[in-house]
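Please find below a short note on the structure, arranged as numbered points. It may be read alongside the sequence and the model.

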Amino acid sequence: MNGPMHCKRKFWKILVFIIVGVAALGFVVMSLWNWLMPSLFTGAQQIDYWHALGLFVLCKILFGGFRGRGGWHERRQRWEQMSEEERQKFKEGMRGFGGFRGRWHRGDVESKDVKEPPQTPGSV
């Protein structure tokens with residue numbers, strides 16, 4: 001039962017669930033807009049389903065993003081609560097994934113390995 005057919009069936013179920021969810025959210029946004037906005041603001045007009053769906057996507061991009069649980073604030077709070085030893089251990093673990101130094105970081109250069117250029121008199 002855990003063969004390729006099961007994975008395909010699961011994929012299609014999830015895809016249908018996502019499509020139905022997005023369609024339902026578009027309808028909710030349209031209904032709320034058409035109920036609230038024209039009565040609150042005299043210049044606001046009613047919108048159709050496609051405008052509501054576009055508005056929903058725009059709001060997700062601007063305010064919520066498409067990430068899963070937690071966001072930057074949650075990760076930052078967790079980072080600030082770590083001790084220096086925990087932070088260093090985390091950095092070491094992330095080196096292999098390219099997540100800590102950026103995706104396209106070339107080389108594994110430590111700051112202690114980088115030699116500073118000799119300073120000449122008069123340079124700051």
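1. Glu 80 has a relative accessibility of 48% and therefore counts as partly exposed, since that class lies between the limits of 20% and 50%. The model is a predicted one, and this value is computed from it.

2. Glu 80 is joined to Arg 76 by a salt bridge, in which the closest N and O atoms are 3.2 Å apart. Arg 76, at 45% relative accessibility, is likewise counted as partly exposed. The two residues, Glu 80 and Arg 76, are 4 residues apart in helix α3, so about one helical turn separates them. Side chains of opposite charge can pair when their charged atoms come close.

3. How many salt bridges does the count come to? The count is 2. Glu 84 has a relative accessible area of 59% and is exposed.

4. A nonpolar surface patch of about 740 Å² is made by Phe 27, Val 28, Leu 32, Trp 35, Leu 36, Leu 40 and Phe 41. Of these residues, Phe 41 lies in the loop between α1 and α2 (49-64). Phe 41 counts as partly exposed because its relative accessibility is 47%.

5. On confidence, the protein averages a pLDDT of 77, and 66% of the residues score at least 70. Confidence is highest in helix α1 (residues 4-40), at a mean of 89, and lowest in helix α3 (residues 72-81), at 78. Where pLDDT is low, the predicted coordinates should not be read in detail.

Terms used. Residues numbered from 1 in each chain as written. Predicted model: local features only at pLDDT ≥ 70, side-chain atom pairs only at ≥ 80, totals over all residues. Heavy atoms only, no water. pLDDT = per-residue confidence, 0-100. Patch = residues over 30% accessible without salt bridge, like charges linked within 9 Å, V, L, I, M, F, W, Y side chains within 5 Å. Areas by Shrake-Rupley, 256 points an atom, 1.4 Å probe, with all protein chains shown as cover. Salt bridge = Lys/Arg side-chain N within 4 Å of Asp/Glu carboxyl O. Buried < 20%, exposed > 50% of the residue type's maximum accessible area, 1.4 Å probe, protein only.
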